[in-house]
Amino acid sequence: MKDKCRCLMKYGIGMLVMAAVLLAGCARQKDPMEKIKDLEFTVLAEDNIPQELKEVIEEKKQNAFKLTYQDNGFLYICVGYGQQISGGYSITVNALYLTENAIYADTTLVGPEPGDQATVQKMPSYPYVVIKTEFVDKPVVFN
């Protein structure tokens, strides 16, 4: 009788181990772009951009660009939209959040309102945004 009980116990334990292995294999795969948390950020005025970064932006502003810059524990995420035919453009930061593998930054260029001639200069402009956030050692994915 003791041998039968031992056999049934071993069989039961074996079944539990197999069930655990099977259930672990069925676990939901985590999306690497799934948001962990929103990041706090500040959109910087030109006067608050570090001088070295200003110089890089000045060199690149003719064309669209995406770059990052690190300084004193902060990460600067920069998105430029290149030369536009007039002034009156703005840039909206739609999202800035941390994922398991990266920082996700989403911005949109907003054009001048039709017929808004008072704010639209008739000369080219070079809209860009500089986002300042705490430094996180992960790559930035731009959208």
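Trainee: Where is N72 placed, and how do you know that the elements around it are strands?

Mentor: N72 lies in the loop between β3 (64–71) and β4 (74–81), and those two are called strands because a strand here is a DSSP run of E with at least two residues, numbered from the N terminus. The model is predicted, so local features need pLDDT of at least 70 and side-chain atom pairs count only at pLDDT 80 or more, while totals for chains, interfaces and linings use all residues. Residues are numbered from 1 along each chain as its sequence is written, and side-chain values use heavy atoms, with hydrogens and water left out.

Trainee: Why is N72 called exposed, whereas F135 is called partly exposed?

Mentor: Buried means under 20% relative accessible area, exposed over 50%, and partly exposed in between, with a 1.4 Å probe and protein chains only. N72 has 68% relative accessibility and therefore counts as exposed, while F135, at 31%, falls in the partly exposed class. N72 also has a positive phi of about 50°, although it is not a glycine.

Trainee: What does F135 touch, not counting residues up to four places away in sequence?

Mentor: F135, which sits in the loop between β7 (128–134) and β8, touches Q70, G73, F74 and L75 under that exclusion, where contact means heavy atoms within 4.5 Å. The C-alpha atoms of F135 and Q70 are separated by 7.2 Å, although the two residues are 65 apart along the chain.

Trainee: What makes β6 and β8 a pair?

Mentor: Two strands pair if DSSP finds at least two bridges between them; β6 (residues 103–110) and β8 have three bridges, in the parallel sense, and Y104 stands opposite V141 in β8.

Methods. Helix = DSSP H or I, 4+ residues; strand = E, 2+ residues; numbered from the N terminus.
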